[in-house]
Amino acid sequence: MSKVYKLDSNTINKIAAGEVVERPASVVKELVENSIDAGADIIEIEIQNGGKSLIRISDNGSGMNMEDACLSICRHATSKIKNADDLNEISTLGFRGEALSSIMSVSNFTMRTKTEDTEHGTFIHCDGGINQDVHETDLPLGTNILVENLFFNTPARKKFLKTTNTEGAKIHDYIVKLALSRPSIKFKFINGNRNAINTPGNGNIFDTILSIYGKEIADSLLEIDFVDKNSDDFSIKGYISKPNVLKSYRNWQTFIVNGRIVANRIIAKAVDEAYKAMIPKSGYPLAILILNLPANSIDVNVHPQKTEIRFEDEGKIYRAIYAAVKQAIEEKNFSQSEIEDELTAIAVKPTFMPKSPQSVPAQRSFDLSKTREILKNYKERQSNEELNFEMPIPPPQKISVDEKIEFEQNEIEDKKNISESNDTNETKLSPIGQVDLCYIIAKSGHDLYIIDQHAAHERILFDRLSGYTDAIPAQQLLIHQILQFDEHESQIIEKNLELFHKLGFTMESSGKNEYRLMEVPTDIESGDFENILREILSNLPPTDEIEEENRSEEIAKNIRQACLAMTACKAAIKAGQELNFRQMQIILDQLSKTAHPYTCPHGRPTILKFTSHDLAKMFKRTGF
């Protein structure tokens with residue numbers, strides 16, 4: 001007796017539905033993508049009970065005649081491709097020909113469709129892929145598909161669906177991404193008789209973002225407009241949020257490649273790295289990136305849901321996205337009025353800071369011994385009721401008399417401006433006290449601010465140190481230290497010995513996974529150097545996503561950043577250190593001049609803002 005059986009078409013469709021139709025959001029995705037491929041510029045989506053009981057998709061696209069409509073519900077029937085060669089140049093969102101047949105086999109399915117050329121439309125209804133009813137009827141142009149009682153005939157799959165709110169939220173998230181990918185289409189989403197999304201469909205992506213996320217988010221956006229100099233076919237456009245507009249989940253990041261919404265770790269990794277040292281590790285900025293590149297340089301035939309793609313050159317994509325995002329963050333220009341309001345604005349409605357000429361010293365040798373002097377002289381400065389956060393001037397033999405006079409004059413002028421600006425600039429932050437010897441309390445107008453003194457000073461020092469070049473002065477150890485590392489750490493050290501030397505760590509191999517440490521940076525106190533070196537190595541992110549030829553450059557950049565962040569952290573004033581009003585004012589003024597005042601180099605926030613309205617809500621005074 002034969003043990004091999006040929007499955008009937010209905011069973012095949014139900015099996016295929018497991019890949020294509022995982023949940024109600026999958027149904028919405030497939031049907032709306034069909035509407036987009038049909039040329040619709042108005043698409044309406046309605047759901048009930050999180051899409052479990054009803055999903056309705058209506059569009060004004062090209063529609064289908066009766067012959068095409070009947071073929072469309074058959075498995076592997078599609079108008080998108082004709083043969084395997086077409087897979088290399090796919091321009092449509094759908095192409096597998098499995099969606100309608102899979103959806104139809106696990107639901108009560110009704111389709112109404114009409115083309116411009118036909119007098120009557122076509123009506124098709126079936127229950128679980130059987131009992132088909134097909135006839136002509138009067139219909140408007142376009143297609144209307146109704147999916148009811150999803151998974152009614154596959155109870156095992158139905159019981160794994162989440163709550164109504166969860167399923168509805170997944171549909172909402174995907175429609176948001178679809179709307180962002182096609183701003184020229186007017187999307188309307190009705191969730192349980194509530195109008196949840198209504199985009200303008202005017203082709204302007206900023207207006208689409210505004211309609212979805214609101215004015216406060218839209219006002220915090222930075223535009224990206226990147227074109228590859230070597231190829232007109234490769235461009236990156238879109239918007240990202242300023243570093244302190246964050247959420248705890250990545251779902252509000254949308255990546256679009258050739259009009260297709262994708263989930264890709266290379267793109268996500270590039271965005272994360274561009275924001276590194278400006279945001280907390282647990283936060284994600286808004287990112288809407290639209291990549292356009294040659295169709296033959298990507299592979300979309302990876303997964304039935306078509307959300308995963310492969311790039312022909314992942315390293316190129318990574319570098320381009322990193323550069324585009326970094327450029328948008330660092331090169332936004334501001335009017336003088338915005339610059340004057342900088343620190344009071346960044347806490348809640350961030351205005352990204354341009355690099356002030358005073359905030360980054362002229363390029364010269366990277367002398368971290370100056371930072372050490374700051375630590376040694378803290379107590380003296382406290383007794384003099386002053387903290388000087390400017391880097392100390394170089395030794396006399398390394399600076400001309402004219403340069404020294406100019407430096408001293410600038411320092412005197414800066415101190416004079418600090419006292420005068422309190423009276424002339426209403427938006428300037430003014431300290432009013434210190435809490436727990438850790439937080440500076442300040443005010444500006446009617447608003448209250450809380451500043452983490454260590455995080456703020458850490459950011460100030462990090463941005464200053466980052467402006468230096470060349471090697472860091474090192475001191476020889478009287479007794480060399482033999483350090484053991486694991487295989488991965490040893491490989492990083494071996495490939496970056498020269499870089500570690502420039503950062504003050506001079507090492508040489510003394511055995512398998514073993515290195516002799518001979519010199520350390522002069523700023524690092526005795527006993528700290530081994531812990532700092534190991535912490536730098538442990539904090540380096542994985543680079544598996546990046547091709548081999550780019551790893552050394554990426555690792556070198558991360559090592560340098562980790563070292564500077566560690567040095568700034570060690571040199572910054574600590575929690576528990578008492579500050580006078582003069583010292584607090586200098587911290588606030590210096591923070592306002594840094595390139596990235598939002599967070600410390602490790603991503604912790606430096607400043608929080610409470611508006612008068614926020615305070616009124618806390619004290620239940622919002623009715624007054």
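**Buried positions and helix packing in a predicted model**

I145 counts as buried, at 8% relative accessibility (buried means under 20% relative accessible area, exposed over 50%, and partly exposed in between, with a 1.4 Å probe and protein chains only). The structure is a predicted model, in which local features need pLDDT of at least 70 and side-chain atom pairs count only at pLDDT 80 or more, while totals for chains, interfaces and linings use all residues. Residues are numbered from 1 along each chain as its sequence is written, and side-chain values use heavy atoms, with hydrogens and water left out.

I145 lies in strand β6, residues 142–148 (strands are DSSP runs of E with at least two residues, helices are runs of H or I with at least four, and both are numbered from the N terminus). Leaving aside neighbours within four places in sequence, I145 is in contact with L31, I55, R56, I57, L100, F109, T110 and M111, where contact means heavy atoms within 4.5 Å. H125 is 20 residues from I145 in sequence, and the two C-alpha atoms are 9.8 Å apart.

For the protein chain as a whole, the secondary structure comes to 22 helices and 24 strands. Of its 624 residues, 49% count as buried. The accessible surface is about 30,300 Å², and carbon and sulfur atoms account for 49% of this area (Shrake-Rupley method, 1.4 Å probe; for residues, only the protein chains shown count as cover). Among contacts between residues at least 6 apart in sequence, 71% join residues at least 24 apart.

Two packed helices are described by the angle between their axes and the distance between the axes. The axes of α6 (residues 164–181) and α7 (residues 205–213) come within 9 Å and cross at roughly 160 degrees; axes are lines fitted to C-alpha atoms, for helices over the stretch in contact, and angles run from 0 to 180 degrees between N-to-C directions. Helix α6 is therefore roughly antiparallel to α7 (over 145 degrees; under 35 counts as roughly parallel, 65 to 115 as roughly perpendicular and the rest as oblique). The crossing of α6 past α7 is right-handed, a term used if the near helix is turned clockwise from the far one by less than a right angle, and left-handed if anticlockwise. V176, A179 and L180 of α6 meet I205, T208, I209, I212 and Y213 of α7. These residues divide into seven nonpolar, one polar and no charged (Ala, Val, Leu, Ile, Met, Phe, Trp, Tyr, Cys and Pro count as nonpolar, Asp, Glu, Lys and Arg as charged, and the others, Gly among them, as polar).

Helices α9 (residues 265–275) and α10 (residues 314–330) have axes that come within 8 Å and cross at roughly 35 degrees. Their crossing is right-handed. The residues in contact include I266, I267 and A270 of α9 and Y318, I321 and V325 of α10. By class, the contact of α9 with α10 has 11 nonpolar, no polar and four charged residues.

The axes of α16 (residues 453–466) and α21 (residues 581–592) come within 10 Å and cross at roughly 45 degrees, and the two helices are therefore oblique to each other. Helix α16 passes α21 in a left-handed crossing. Q453, A456, R459, I460 and R464 of α16 make the contact with I587, Q590 and L591 of α21. Four of the residues in this contact are nonpolar, two are polar and two are charged.

Within α16, I460 is buried, with a relative accessible area of 0%. Not counting residues up to four places away in sequence, I460 touches I587, Q590, L591 and T594. The C-alpha atoms of I460 and H596 are separated by 8.9 Å, although the two residues are 136 apart along the chain.
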